[in-house]
Amino acid sequence: ETQRAAVIAAVERVADRMTAEKTYLTELDSAIGDADHGANMARGFEAVREKIADADADADPGDLVKTVGVTLISEVGGASGPLYGGSIMSASTELADGITAESSVAFAEAYLAKVKDRGGAELGAKTMVDALTPAVHTYKKSIETDDLPPLEALAKAVDAAERGVNYTVPLRAQKGRASYLGWRSVGHQDPGATSTLFIMEELLATAE
Ligand code: ADP
Ligand code: MG
Ligand code: MG
C-alpha cells in the first residue's frame with residue numbers, strides 16, 4: 001500500500017513538473033526539432049495522472065508502472081512516446097515483486113537497455129541516452145559497490161543526469177529529428193535528455 005501510494009505520488013509530481021516545463025521543453029525542441037516535446041510530455045503525463053487514479057486497488061507497483069508506460073505509448077506520438085512508454089512498460093516487469101534497492105537497479109538498467117534498443121542511439125548521439133547512461137551507471141554503482149542508501153544513490157544519479165544534459169549541448173545530433181540539422185544542432189540542449197532529468201528530479205523529490 002505504501003509502495004502504491006509512492007508510485008501515485010511520483011506520477012502526480014512528474015505530471016505537475018511536465019506541465020510546468022511545457023513551454024521550456026517546447027522551446028528546446030523548437031531549436032532543433034518540431035517544437036512539440038513539452039506538449040507531448042505534458043499531455044502524456046496528464047493522461048497518466050488520470051489513468052493511475054482509476055487503477056485497481058490491488059495493482060502491484062509493477063502493474064502501476066506498466067500503466068504509466070502503456071498510457072504514454074497511447075497518448076504521446078513521435079519519437080518520445082514509444083521510447084519513454086515502451087521502455088517503462090517493458091522495464092516494469094522488474095518491479096513485480098516490489099520496489100527495493102535491488103529491483104530499482106534492475107528497472108533502471110532494463111529501462112536504459114530498452115531505450116537504446118528501440119532508438120538505436122549510443123552515448124554521444126545527443127539524445128535522452130546521454131542523460132540516462134551516466135544516471136543509471138551512477139545509481140547502480142552507488143547501490144551495488146558503494147552500498148549507499150537508495151535515496152543517496154538517486155541524488156547522485158540526478159547529478160550525473162544533469163551533467164549528461166549539459167554534455168548534449170556541444171554534440172551534433174545523430175538520431176531523431178535533430179539529426180536532420182546536422183552541424184546546426186551543435187550548441188543546443190537536447191529536449192529528451194532534459195525531460196529525463198526533470199523526471200528523475202521529481203522521483204528524488206518524491207522519495208525525500
Ligand atoms: P519528435 O522528435 O518525434 O517530435 P519529441 O519531440 O517528443 O519527439 O522527442 C524528441 C526527443 O526524443 C529528443 O530530444 C531525443 O532526446 C529523443 N529521441 C529522438 N530520437 C531518439 C532515438 N532514436 N533514441 C533516443 N532518443 C531519441
Ligand atoms: Mg519534437
Ligand atoms: Mg513531433
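Predicted model: local features only at pLDDT ≥ 70, side-chain atom pairs only at ≥ 80, totals over all residues.
**View 1. Helix H3 and its cover.** Helix H3 runs through residues 37-53 and has 17 residues. From first C-alpha to last, H3 reaches 24 Å. That is close to the 24 Å expected at 1.5 Å a residue. The buried residues of H3 include His 37, Asn 40, Met 41, Phe 45, Arg 49 and Ile 52. What covers the buried residues of H3 includes H1, H2, H4, H5 and H9.

**View 2. Ala 15 in helix H1.** Helix H1 spans residues 2-20, and Ala 15 lies in it. Ala 15 has 0% relative accessibility, so it counts as buried. Leaving out residues up to four places away in sequence, Ala 15 touches Phe 45, Glu 46 and Arg 49. Among the buried residues of H3 are Phe 45 and Arg 49. Ala 55 is 40 residues from Ala 15 along the chain, and their C-alpha atoms are separated by 16 Å.

**View 3. Pro 61 in helix H4.** Pro 61 lies in H4, which covers residues 61-75. Pro 61 is buried because its relative accessible area is 11%, under the 20% limit. Its contacts, not counting residues up to four places away in sequence, are Gln 3, Val 7, Leu 95, Gly 98 and Ile 99. Asp 97 is 36 residues from Pro 61 in sequence, yet their C-alpha atoms are 8.1 Å apart in space.

**View 4. The largest pocket.** This pocket holds about 1000 Å³ of space. It is lined by 33 residues, and Ala 10, Ser 104, Phe 107, Leu 154 and Leu 203 are the closest to its centre. H1, H4, H5, H6, H7, H8 and H9 each give two or more residues to the lining. By class, the lining of the largest pocket has 28 nonpolar residues, five polar and no charged.

**View 5. The second largest pocket.** About 540 Å³ of space lies here. Among its 27 lining residues, Ala 79, Ser 80, Leu 83, Gly 176 and Arg 177 lie nearest the centre. H6 gives the largest share of the lining, three residues. The lining of the second largest pocket has nine nonpolar, ten polar and eight charged residues.

How values were computed: Residues numbered from 1 in each chain as written. Chains lettered and ligands numbered in written order. Heavy atoms only, no water. Helix = DSSP H or I, 4+ residues; strand = E, 2+ residues; numbered from the N terminus. Buried < 20%, exposed > 50% of the residue type's maximum accessible area, 1.4 Å probe, protein only. Contact = heavy atoms within 4.5 Å. Expected span 1.5 Å × (residues − 1). 1 Å grid on protein atoms, 1.4 Å probe; cavity = no way out; pocket = protein on both sides within 12 Å on 5 of 7 lines; lining within 4 Å. Points joined across faces, edges and corners; volume = space filled by probe spheres on them. Nonpolar A, V, L, I, M, F, W, Y, C, P; charged D, E, K, R; others polar.
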